[in-house]
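Here is a short briefing on one protein model. Look over the sequence and the coordinates before reading on.

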Amino acid sequence: MAAISSNKFADLEAQVKILIAHLQELKGRNAHLEERLREVDGRLTSQNATLRRWEKERGWLRAKLSGVLGDVEAIEFSEPSLRD
């Protein structure tokens, strides 16, 4: 088996260092993206809670308005002058 020349070994070492630097960069980017994902997930959770609260309020308002409109209709049809 032939020995690896020092130039080939130096080239291989340089390539490994480049790969290690690239891997470190990717790990940093990955950590940054994971942090952004956590932030976005937190905002989404908050927005979903807000949406559920608004939907609950909307249901409550619909029920109240329906009751008021029912009362108005009852008044309209119970008054003889309003039926004619």
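This is a predicted model: local features need pLDDT of at least 70, side-chain atom pairs count only at pLDDT 80 or more; totals for chains, interfaces and linings use all residues.

Residues are numbered from 1 along each chain as its sequence is written, and side-chain values use heavy atoms, with hydrogens and water left out.

**Overall**
- The protein has two helices and zero strands (DSSP runs, H or I of at least four residues for helices, E of at least two for strands, numbered from the N terminus).
- Of the 84 residues, 1% are buried (under 20% relative accessible area; exposed is over 50%, partly exposed in between; 1.4 Å probe, protein chains only).

**Salt bridges**
- The whole structure holds four salt bridges (a side-chain nitrogen of Lys or Arg within 4 Å of a carboxyl oxygen of Asp or Glu).
- Glu-13 pairs with Lys-17, with closest N and O atoms 3.9 Å apart. Both lie in helix H1, four residues apart. Glu-13 is partly exposed at 39%; Lys-17 is exposed at 54%.
- Glu-35 and Arg-38 meet at 2.9 Å, N to O. They sit three residues apart in helix H1.

**Surface patch**
- Leu-12, Val-16 and Ile-20 make a nonpolar patch of about 240 Å² (residues with over 30% relative accessible area and no salt bridge; like charges are joined within 9 Å, nonpolar side chains (Val, Leu, Ile, Met, Phe, Trp, Tyr) within 5 Å).
- Val-16 lies in helix H1, residues 6-78.

Key. Accessible areas come from the Shrake-Rupley method with a 1.4 Å probe; for residues, only the protein chains shown count as cover.
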